[in-house]
Amino acid sequence: MEKITTIGVDIAKHLFQVHGINAAGATVTRRKLRRDDVVGFFEALPPCLIGIEACATGHHWARVLMALGHEVRLMPPSYVKPYVKRQKNDATDAEAICEAVTRPTALRSGEERGATECADATSRPQAFDPAADDAGERLARPLGRVRHRNATGDCRGRYADRVDRRR
């Protein structure tokens, strides 16, 4: 068996789908694992990079796999979706996770996540930040809740800059 360097794991309730590739990017393994067999499978492997979608159980499995010596990276499903090549099922999701984890994006390892969360928890509340508020508005736009700002930064309704001529 060739050496597996990167693995994508799609987590489900009973069956986990595993997709492993070597350093050249060729597929080495594609397997379904029952929940009871996951730890045994990863114990037999040398340390490698494992990608998992971030969810409640994803954090649990990341801790378990890190205890076995693997490097685990969690990523939101929105980072994985562009790499799904065909219909959505567990096998293609695992392949897409494996592909996404190799890309140089803003993914953070477990140590970086822990350090950031501790720093955020100890910091004092900040003053109003217009850039952060604008980011919230950009997220709200696809939902249809659009607000516009005038030159002083006041938040107004959609047509606040127009003169109401009905009076």
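The structure, a predicted model, holds 1 cavity of 30 Å³ or more. Here a cavity is a set of points, on a 1 Å grid over the protein atoms alone, where a 1.4 Å probe fits but cannot get out. About 30 Å³ of space lies in the largest cavity, a volume being the space filled by probe spheres set on the points.

Which residues line the largest cavity? They are Y83, V84, K85, R86, T92, E95 and A96, where a lining residue has an atom within 4 Å of a point. By class, this lining has 3 nonpolar, 1 polar and 3 charged residues.

Now to the sheet. It is open, has 5 strands in the order β3-β2-β1-β4-β5, and its pairing is mixed. Strands are DSSP runs of E with at least two residues, while helices are runs of H or I with at least four; two strands pair if DSSP finds at least two bridges between them.

| Edge strand | Residues |
|---|---|
| β3 | 27-34 |
| β5 | 71-75 |

Each of these edge strands pairs on one side only. Neighbouring strands are turned by 20° against each other on average, direction ignored.

Strand β2 (residues 15-21) runs antiparallel to β3, with 7 bridges joining the two.

Residues are numbered from 1 along each chain as its sequence is written. Local features need pLDDT of at least 70, side-chain atom pairs count only at pLDDT 80 or more, and totals for chains, interfaces and linings use all residues, while side-chain values use heavy atoms, leaving out hydrogens and water.

How values were computed. On a 1 Å grid over the protein atoms alone, a cavity is a set of points where a 1.4 Å probe fits but cannot get out, and a pocket is an open set with protein on both sides within 12 Å along at least five of seven lines; lining residues have an atom within 4 Å of a point. Ala, Val, Leu, Ile, Met, Phe, Trp, Tyr, Cys and Pro count as nonpolar, Asp, Glu, Lys and Arg as charged, and the others, Gly among them, as polar. Axes are lines fitted to C-alpha atoms, for helices over the stretch in contact, and angles run from 0 to 180 degrees between N-to-C directions.
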